[in-house]
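Biologist: Walk me through this one, please. I want to learn how to read its features.

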Amino acid sequence: MRPATEALIVIDVQNDFCPGGALAVEGGDRIVDPINALMGDFQVRVLTQDWHPAGHSSFASQHPGHDAFGEIEMPYGPQVLWPDHCVQGSNGAAFHPGLNTDPADLIIRKGFRAAIDSYSAFFENDHTTPTGLEGYLRTRGVTALTLVGLATDFCVNFSAVDAAKLGFDVTVREDLCRAIDLNGSLAAARDGMRAAGVALEA
Ligand code: VGL
Ligand code: ZN
């Protein structure tokens, strides 16, 4: 058993990011069972849930003339446009049915503000609006994080880099993540995580 100073953060293991979902990540469902098993090793377990209102500004459907997986400039910087996904209350936003959510101490939702996306579990895409997760972990005395989930190159990556910048000791278990890999985004994410001091383990 890991000490109480270590938390497992399970990122966005939701139907829409699994095969058959709106923004399916290849093999996304294959990480579910081993993540369930890994939860047994940690005393502190947090799940995140991508949780967008219908018509969210990250959806390509809201930007006439723009296609999904293209990029636009938002007031807070560049934003990839996505197919409609993880709409609050939809089956796509639900956790994968095989994920054991009972051991979770905290489920944190993100991306619920219509005008701003939130890849990271710590900050929205303006890199300044906090989600509150930092305070939760610090007040529980957590100093080290292991991250798993979907997708490696977006929400896992942004969460890992933010956590490292905040001073947490961060490990990403790449074998328990799967990537979208858009125009080299996986390689860039791996470089960025390493540069931020994140340990990549397979
Ligand atoms: C994610 C794209 C859009 C993720 C969430 O969980 O990696 N990616 N929303
Ligand atoms: Zn999203």
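Modeller: Start with the element labels. Helices (H or I, at least four residues) and strands (E, at least two) are DSSP runs, numbered from the N terminus. Residues are numbered from 1 along each chain as its sequence is written, while chains are lettered from A and ligands numbered from 1 in the order in which they are written. This is a predicted model, where local features need pLDDT of at least 70, side-chain atom pairs count only at pLDDT 80 or more, and totals for chains, interfaces and linings use all residues; side-chain values use heavy atoms, without hydrogens and water.

Biologist: Where is D12 found?

Modeller: D12 belongs to the loop between β1 (6–11) and α1 (32–39).

Biologist: Is D12 buried or exposed?

Modeller: Buried means under 20% relative accessible area, exposed over 50%, partly exposed in between (1.4 Å probe, protein chains only). D12 has a relative accessible area of 0%, so D12 is buried.

Biologist: With which side chain does the side chain of D12 make a polar contact?

Modeller: A polar contact is a pair of N or O atoms within 3.5 Å; within protein, one must be able to donate a hydrogen and the other to accept it, and residues adjacent in sequence count only if both atoms are side-chain atoms. Here the partner is the side chain of K110, at 2.8 Å. Contact in general means heavy atoms within 4.5 Å. Leaving out residues up to four places away in sequence, D12 touches several residues, including F17, T48 and C155.

Biologist: How many aromatic pairs are there?

Modeller: Rings of Phe, Tyr and Trp (its six-membered ring) pair if their centres lie within 6.5 Å; planes under 30 degrees apart count as stacked, over 60 as edge-to-face and the rest as tilted. That rule gives six aromatic pairs. Take Y119 and F154: ring centres 5.5 Å apart, planes at 70°, so edge-to-face. Y119 lies in the loop between β5 (106–110) and α2 (133–139), F154 in helix α3 (residues 152–165), 35 residues apart. Y119 is buried at 7% relative accessibility, and F154 is buried at 9%.

Biologist: Why is the pair of Y119 and F158 edge-to-face?

Modeller: Their planes are at 75°, with ring centres 4.9 Å apart, so the pair is edge-to-face. F158 is partly exposed, at 24%.

Biologist: Which residues form one aromatic cluster?

Modeller: F69, W82, Y119, F154 and F158.
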